[in-house]
Amino acid sequence: YSHLADTPNFIFCGVMLSQILDILEKLKGYDYGWVFAEPVNTDEVHDYLEVIKRPMDYSTIAHRLEQAAYGSEIDQRSMNEVDADMDPMEVILLNVLCDVDQVHQNCFIYNLKDSAFYRAGVVQHKKWNSYFEKYIKERLLGSKSVQTGFHKFRQNCEQALQALKNGQRFIKPKQGNGVNYRQYAIFDPDTKRIIKQYTSKASARLAALALVSAGYQCEWELTEQNAKSRIDVARDPKKLLFGYQWIPIDDLKSGKFKVKEADPYVSSSEQKSPTNTTANVLILKEDTVSGAEVRGFESEESAYQDWMNERTTSVAASDENVEDTSFSAFVKSYLDGQASINGVIWKRVLPSPVPEPSTSKHPSL
């Protein structure tokens with residue numbers, strides 16, 4: 001943006017844009033950052049562009065900044081009330097701030113509330129807000145126009161979400177003869193209930209990969225290459241994924257699927273109880289601000305490694321370097337104490353490790 005070097009707020013806005021670039025890299029490395037790091041694959045998520053009018057992701061924002069591709073025109077998404085005499089660099093800064101928020105807004109609009117991807121958006125948006133509050137908000141006091149414009153954009157986003165029925169949209173399945181357009185149900189073989197539905201096998205595949213990436217235990221080694229085939233066989237109650245059967249809805253309705261055989265050594269009352277299994281997750285990472293359960297861990301050691309990574313990416317990390325980072329300090333202050341990092345806590349699910357834990361079903365499916 002050297003051609004704008006003579007504008008009054010060139011240095012101020014340049015520093016802010018550089019700060020945002022650094023924040024984007026931190027967001028990519030934070031929990032679920034991979035979900036928003038690259039553009040949504042519209043070949044797999046076939047109706048995405050029918051719903052989302054301005055697709056956005058972290059890499060696209062960074063690329064446009066680095067290539068000076070952001071123009072100085074006021075973005076009409078929310079800027080109708082912005083001062084027409086804004087400095088061109090202020091307009092660019094405002095548009096970039098709005099695009100970061102747009103990444104999460106798109107997630108909230110497209111995905112069902114309480115779904116795995118929706119909660120990923122909640123976690124990432126909360127982290128972005130932490131960075132914004134620490135590094136950006138007070139500095140915007142030097143530019144009332146940018147401050148006002150961004151506030152207006154966020155108000156419009158909130159109003160758009162409130163306008164959705166129950167805070168979520170219900171996706172219409174695309175009509176077609178291809179198998180990829182078959183709707184899938186996540187079926188509990190113990191309680192005989194449908195706990196989740198996906199509009200296509202592609203959506204179900206993305207959800208399964210998201211759970212693996214988030215660290216949840218799967219019965220099989222699940223990769224991008226074999227995820228579709230694993231979902232195909234997961235209709236079999238003996239080949240479950242995350243403790244559930246994954247069944248095409250048309251097969252479910254017609255009864256063309258197998259049910260779990262009753263265990264002759266377990267009473268009927270025990271078979272009906274969905275809490276009859278023991279969870280293998282011993283420690284849960286939770287965002288107390290958003291209420292989202294971020295990740296589960298099967299050992300104190302794996303939780304400790306995640307805690308160390310959280311300190312590295314945390315906006316408060318530079319202020320907390322004096323803290324004892326030993327494993328014993330983590331157990332005492334976090335697992336057995338009340339310490340947190342920006343509202344993120346690690347807590348025990350069970351009071352102590354249980355021998356030979358069985359696979360638990362994932363509640364976010």
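**Basis.** I worked on a predicted model, in which local features need pLDDT of at least 70, side-chain atom pairs count only at pLDDT 80 or more, and totals for chains, interfaces and linings use all residues. Residues are numbered from 1 along each chain as its sequence is written, and side-chain values use heavy atoms, with hydrogens and water left out.

**Helix α1.** I took helices (H or I, at least four residues) and strands (E, at least two) as DSSP runs, numbered from the N terminus. I checked the length of α1, residues 10-29: its 20 residues should span 28 Å at 1.5 Å a residue, the expected span being 1.5 Å times one less than the number of residues. The end C-alpha atoms are 29 Å apart, which agrees.

**Sheet.** I found three strands in an open antiparallel sheet, ordered β2-β1-β3; two strands pair if DSSP finds at least two bridges between them. At the edges stand β2 (193-198) and β3 (245-248), each pairing on one side only. Strand β1 (residues 184-188) is joined to β3 by four bridges in the antiparallel sense. Phe187 is placed opposite Gln245 in β3.

**Salt bridges.** I counted 12 salt bridges in the structure, each a side-chain nitrogen of Lys or Arg within 4 Å of a carboxyl oxygen of Asp or Glu. In the one between Arg154 and Asp101, the closest N and O atoms are 2.7 Å apart. Arg154 lies in helix α7 (residues 144-163) and Asp101 in helix α5, so the pair ties together parts that are 53 residues apart in sequence. I looked up Asp101 and noted that it is buried, at a relative accessible area of 5%.

For Glu133 and Lys137 I noted a salt bridge of 3.6 Å, N to O. Glu133 is partly exposed at 45% relative accessibility, and Lys137 is partly exposed at 40%.

How values were computed. Buried means under 20% relative accessible area, exposed over 50%, partly exposed in between (1.4 Å probe, protein chains only).
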